[in-house]
Amino acid sequence: MFFRESETVELKEAVVDDIKKEIIAFANCDGGKLYIGIRDDGTVAGLDDPDGVSLQISNMVRDAIKPDVTMFLHYKTIEEDGKEIVAVEVQRGTDRPYYIAKKGMRPEGVYVRQGYSSVPATDTAIRRMIKETDGDRFEAMRCLNQELTFEAAKKEFALRKVEFGLQQMRTLKLIDHDNLYTNLGLLLSEQCVHTIKVAVFQGTDQTIFKDRREFAGSLMQQMNEVYDYIDFRNQTRATIEKLYRIDVRDYPEIAVREALLNLLVHRDYSFSASSLISIYADRIEFVSIGGLMPGIDLEDIMVGISVCRNQDLANVFYRLHLIEAYGTGMGKIMRAYKDVEEKPSIETTKNAFKIILPNINAKYETGKVSAPKAESIKGSVAGTEKSLGNEERVLEYARSHGAITRNDVIKLLEVSTSTASRVLRKMVKSNLLKQNGKARNTNYTVIK
């Protein structure tokens, strides 16, 4: 028999560490044969203990290659020129990409066959193999990064008294049957690569930025931080009707909550672009990447029909009692505005979904309705009229003076000590200010 290396044939005189790369490359491509006991020039060197060689390779494969590829390897001892050699037939695997366990699912760990050599795969090739093997559902695919941490997720699960151990992670499909993290695991980890960008604009267009932030990390962390950021800017306007004071926030809290959850649960995470939230004087716009699912129209959404793009992610949020199972989010948003003249609206494109929440109190700012006089609502939080834009005034003062203290806030906003402390605590929680020092020496600086 004549031996020569080719795209599907590899020759080795003895068992060496590089054999792992050859087996991985064959399993990731179209299969091939590995002959042990044959020199590079095709001459037969032979083996003293072919059974021991087969066992050595089998152990190496079992310990060093992930996922398990042993079922796609077949060993055979054959005799050539009076000498024994081992032929290892490698079939194309069904759980590609295969990789060296210590290197991970990265180019330095994943190999493919290129001509007569086994070479590192590109990131694009690795993603293509994952998609071919796992299908088109992003959340179900194996994650390229297998070094994930879940501190924010653990905290959220504990807060809601839901267990979050290895068994629960498997049940929720953060870990697959090969004990590998899925992309769902990535989304809930600190290593999540998807972000939410939030911008605050002056007026009703994007001419002047007042503030902008990008929120990263676990979706659980993004959910809480973005909600706090919006909630801090969701001002309260008070009106007096006879002997009663009526407080009305710019945006119903339930509407903000449902719009944010929709942004997180239904976006298309196969796109790398950030989700966008834009806060204007008269509205908030939530723009999620990914249009309507095939076969679903906007009218279907409005009557409560829900086809979820990320079923496993939605299940996690359902287990945490953050969403309900029957697509009730849009109904809740509309009911929150049932007594308001201007209603929320939805706009869709092929690759985007936008929810627009009107500012209930914007009519007072635009002059369409006379605003209540400050003295008629004396005793409301920071005088209500003065509460509008308080955070911008504090931030502007801190920027121009390098820092701000509680006494500065008391004088600046003309509020009580407790109100000033509450404003500062909320701004620290929203990552707008950083607290420096303690007790009387405490000051606050702007987080850039």
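1. S274 is buried, at 13% relative accessibility (buried means under 20% relative accessible area, exposed over 50%, partly exposed in between, with a 1.4 Å probe and protein chains only). S274 sits in the loop between α8 (253-266) and β13 (275-279). Helices (H or I, at least four residues) and strands (E, at least two) are DSSP runs, numbered from the N terminus.

2. This is a predicted model: local features need pLDDT of at least 70, side-chain atom pairs count only at pLDDT 80 or more, and totals for chains, interfaces and linings use all residues. Residues are numbered from 1 along each chain as its sequence is written, and side-chain values use heavy atoms, with hydrogens and water left out.

3. Helix α7 (residues 219-233) meets α8. From α7 come L219, M223, V226, Y227 and I230; from α8 come E253, V256, R257, L260, L261 and L264 (contact means heavy atoms within 4.5 Å). These residues divide into nine nonpolar, no polar and two charged. Here Ala, Val, Leu, Ile, Met, Phe, Trp, Tyr, Cys and Pro count as nonpolar, Asp, Glu, Lys and Arg as charged, and the others, Gly among them, as polar.

4. The structure holds 27 salt bridges (a side-chain nitrogen of Lys or Arg within 4 Å of a carboxyl oxygen of Asp or Glu). One joins K332 and E258 (3.8 Å, N to O). K332 lies in helix α11 (residues 329-336) and E258 in helix α8, so the pair ties together parts 74 residues apart in sequence. Both K332 and E258 are buried.

5. K332 also forms a salt bridge with E324, with the closest N and O atoms 3.2 Å apart. E324 is partly exposed, at 45% relative accessibility.
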